[in-house]
Amino acid sequence: MLSQVYCSRFQPFRQRLLPWVQFSALSRSHRIQASAIRHVRSWSNIPFITVPLSRAHGKSFAHRSELKHAKRIVVKLGSAVVTRGDECGLALGRLASIVEQVSVLQNQGREMMLVTSGAVAFGKQRLRHEILLSQSVRQALHSGQNQLKEMAIPVLEARACAAAGQSGLMALYEAMFTQYSICAAQILVTNLDFHDEQKRRNLNGTLHELLRMNIVPIVNTNDAVVPPAEPNSDLQGVISVKDNDSLAARLAVEMKTDLLIVLSDVEGLFDSPPGSDDAKLIDIFYPGDQQSVTFGTKSRVGMGGMEAKVKAALWALQGGTSVVIANGTHPKVSGHVITDIVEGKKVGTFFSEVKPAGPTVEQQGEMARSGGRMLATLEPEQRAEIIHHLADLLTDQRDEILLANKKDLEEAEGRLAAPLLKRLSLSTSKLNSLAIGLRQIAASSQDSVGRVLRRTRIAKNLELEQVTVPIGVLLVIFESRPDCLPQVAALAIASGNGLLLKGGKEATHSNRILHLLAQEALSIHGVKEAIQLVNTREEVEDLCRLDKMIDLIIPRGSSQLVRDIQKAAKGIPVMGHSEGICHMYVDSEASVDKVTRLVRDSKCEYPAACNALETLLIHRDLLRTPLFDQIIDMLRVEQVKIHAGPKFASYLTFSPSEVKSLRTEYGDLELCIEVVDSVQEAIDHIHKYGSSHTDVIITENEKTAEFFLQHVDSACVFWNASTRFSDGYRFGLGAEVGISTSRIHARGPVGLEGLLTTKWLLRGQDHVVSDFSEHGSLKYLHENLPVPQRNTN
């Protein structure tokens with residue numbers, strides 16, 4: 001790379017570059033040094049020209065997801081980010097992490113620039129040290145150590161600190177960037193360099209030349225000579241450079257930068273002062289919104305507060321540069337905050353000129369919450385009526401649904417694999433089956449929410465009840481399965497939960513019309529907003545961070561999707577399974593008539609399903625028997641590719657390809673075959689390589705079957721039945737939101753019951769705990785009371 005060659009082999013050229021930068025690019029009053037990075041922090045109020053030099057106002061990025069395309073980036077490091085808490089020295093670990101992130105982006109081919117504080121703090125540390133050392137040794141000895149520590153240190157003037165700290169700060173940056181084979185150039189400027197048109201041109205040319213040579217420019221004001229900041233005197237449409245925020249904005253627009261990242265000591269922009277009870281982080285900020293924001297005090301260090309940052313950000317945005325304000329000091333995020341922003345992750349506050357037509361996902365979450373609470377207060381008959389109406393709409397609007405689905409299939413042709421296309425496809429029979437399942441859910445929802453599970457008389461006139469209640473707001477993320485939407489919607493309605501739906505883009509048209517039908521059904525009782533379809537460009541990882549809005553995440557899709565969500569969802573429980581590695585054990589006493597039929601149905605009926613067979617375990621005694629030959633012949637006819645397990649391969653002279661892993665979910669017409677010596681070995685194999693989803697035994701020996709059923713620790717364990725029965729509809733649940741392999745709350749196909757939790761209701765008459773003390777007047781009874789019988793009709 002150019003930076004590597006330049007840094008390591010062309011040091012003489014680097015020395016020749018220094019005077020060129022200092023005297024050719026700018027005038028004598030404009031000091032630039034390319035070998036050491038120096039610090040700046042305060043500015044005067046001389047205004048900039050509104051239209052930057054040779055800068056056609058382009059358009060900023062409209063969405064976070066587009067930030068990954070940013071080529072030229074300015075990173076502004078606030079004083080609170082660069083300095084320690086005592087303001088006497090630099091936060092070295094934090095600074096090293098920032099340099100690493102900038103270097104990573106630079107080495108990706110981006111053009112990075114820094115606006116950094118720190119020289120004053122670094123100089124203050126050095127001067128304090130020098131003052132202590134300059135004290136008379138004799139005085140120090142006579143005064144004693146304790147008094148030495150208490151020596152009064154005079155107030156240090158900021159410009160002197162800057163002069164003392166600039167060279168040290170430069171050396172530090174130089175050493176850090178060198179670790180990544182990157183060169184950095186310091187540019188110190190004063191207000192005159194922006195006031196004079198020719199000097200602006202020179203500065204612009206110098207910066208472009210440095211970027212062309214793959215050098216990271218680090219720009220700041222020369223704090224050693226600048227006058228104190230003057231009162232705000234901004235003119236209409238003009239930004240005055242008074243601090244590093246306005247400097248960064250000016251630099252970003254002047255250099256036609258794609259992205260400006262402003263790092264401070266707060267998470268971003270809040271709708272009220274951070275730390276207050278009702279303060280909420282603003283994800284996206286639009287021009288004109290500043291009237292609804294209350295600004296707090298400025299940072300503990302530095303010249304600018306949040307109001308200055310917003311003003312600078314809006315000016316840069318108007319100039320065509322996208323802006324993100326984020327926290328650069330938090331230890332959990334500072335190590336990747338810059339790269340996360342560039343990757344489009346939801347970090348800090350993103351400034352955008354494009355206001356979405358619909359609500360934000362945060363607003364949708366609030367609507368789902370309030371709508372879900374209204375839904376839960378409806379009578380069971382009203383919730384059932386909504387579901388019945390949705391079932392009718394699925395059949396009445398069949399032609400419109402299939403037309404939308406046809407558009408999805410046409411757009412997905414050639415982009416999706418055959419199994420995914422099959423999942424994406426809807427048909428008349430599928431819609432009819434969906435309608436039947438929804439009516440089953442409606443029938444079972446009559447006695448779901450508010451059902452009394454336990455009653456206890458604590459004492460006289462003090463009774464306790466445990467009742468079922470909705471979980472809250474569910475986030476269901478699904479891929480290539482538009483039929484999932486009405487199923488999940490019906491279950492959410494029956495259980496009184498608010499619902500956020502995030503479908504795959506391959507089913508956009510189908511999901512849109514199905515969601516509209518769901519909201520039409522909800523409207524008959526005024527709870528339309530209880531179910532929301534997320535249509536914004538929210539990444540799944542960003543949705544998983546909405547822990548204050550979402551109570552449970554249910555992924556429906558590939559094992560990779562489920563694993564990604566389980567990894568990303570911190571603070572929100574995830575219900576689901578990452579893999580469906582289902583086993584079928586053929587015992588030595590298995591029926592010849594049943595085996596091929598069960599194996600065919602489990603593997604070939606729908607190989608892409610999570611409950612499809614993936615590993616067939618065969619008892620050793622069945623090898624080289626007619627039954628074994630029948631199994632192999634059937635699999636060949638069905639065009640199933642066979643992978644041999646290690647033991648099975650050892651029995652064969654010419655075996656199929658040996659399996660790469662016994663822990664594989666194929667999701668296609670592929671099957672692993674392995675040999676075991678006993679039912680216990682089959683159980684051990686399942687526990688070692690399975691995913692606790694669905695496992696089956698085929699045998700005519702009831703004792704062996706019961707041993708298998710009791711000892712296999714999976715969500716679903718069957719005897720002489722296909723793995724494909726592991727399904728909410730087939731279990732009589734009407735539908736399912738997914739199959740859970742976790743051990744808490746719900747397990748197996750999760751229907752209506754799995755979307756409920758409980759709360760405790762205590763009814764008393766002026767009862768206090770002190771009445772139950774040793775000398776109190778009341779005694780605990782703890783009597784179990786009869787529970788109302790559940791309506792099973």
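## Basis

The model is predicted: local features need pLDDT of at least 70, side-chain atom pairs count only at pLDDT 80 or more, and totals for chains, interfaces and linings use all residues. Residues are numbered from 1 along each chain as its sequence is written, and side-chain values use heavy atoms, with hydrogens and water left out.

Helices (H or I, at least four residues) and strands (E, at least two) are DSSP runs, numbered from the N terminus. Strand 2 spans residues 72–77. Here 6 of the 6 residues are buried, so the strand is largely enclosed by the rest of the structure. Buried means under 20% relative accessible area, exposed over 50%, and partly exposed in between (1.4 Å probe, protein chains only). Arg72, Val74 and Lys76 point one way. Ile73, Val75 and Leu77 point the other way.

Two strands pair if DSSP finds at least two bridges between them. Strand 2 pairs with strand 3 (residues 111–116) in the parallel sense, over 6 bridges. Leu77 has Thr116 as its bridge partner there. Strand 6 (residues 259–264) also runs parallel to strand 2, joined by 5 bridges. In strand 6, Leu260 is the bridge partner of Val74.

## Salt bridges

The structure holds 32 salt bridges. Each is a side-chain nitrogen of Lys or Arg within 4 Å of a carboxyl oxygen of Asp or Glu. Glu254 and Arg200 form one of them, at 3.1 Å from N to O. Glu254 lies in helix 11 (residues 244–254) and Arg200 in helix 10 (residues 197–212), so the pair ties together parts 54 residues apart in sequence. Glu254 counts as buried because its relative accessibility is 7%. Arg200 is buried too, at 3% relative accessibility.

Lys309 and Asp245 meet in another salt bridge, at 3.5 Å from N to O. This pair links distant parts of the chain: Lys309 is in helix 12 (residues 306–318) and Asp245 in helix 11, 64 residues apart. Both Lys309 and Asp245 are buried. Glu343 forms a salt bridge with Lys345, with the closest N and O atoms 3.5 Å apart. Glu343 is partly exposed, at 45% relative accessibility. A network of salt bridges links Arg455, Arg457, Glu463, Glu465, Arg763 and Glu783.

## Nonpolar core

A nonpolar core is a set of buried Ala, Val, Leu, Ile, Met, Phe, Trp, Tyr and Cys residues joined through side-chain atoms within 4.5 Å. The largest has 51 residues. Those with the most contacts inside it are Leu375, Ile386, Ile387, Ile401, Leu499, Leu501 and Val737. Helix 19 (residues 484–495) gives the most to this core, with 9 residues.

Contact means heavy atoms within 4.5 Å. Leaving out residues up to four places away in sequence, Val737 touches Val488, Leu491, Ile554, Arg556, Met575, Val750 and Leu755.

## Ser264

Ser264 lies in strand 6. At 5% relative accessibility, Ser264 counts as buried. Its side chain joins that of Asp265 in a polar contact of 3.2 Å. A polar contact is a pair of N or O atoms within 3.5 Å; within protein, one must be able to donate a hydrogen and the other to accept it, and residues adjacent in sequence count only if both atoms are side-chain atoms.

Ser264 also touches Val81, Lys309, Ala326, Asn327, Gly328 and Thr329, not counting residues up to four places away in sequence. Among them, Lys309 is the salt-bridge partner of Asp245.
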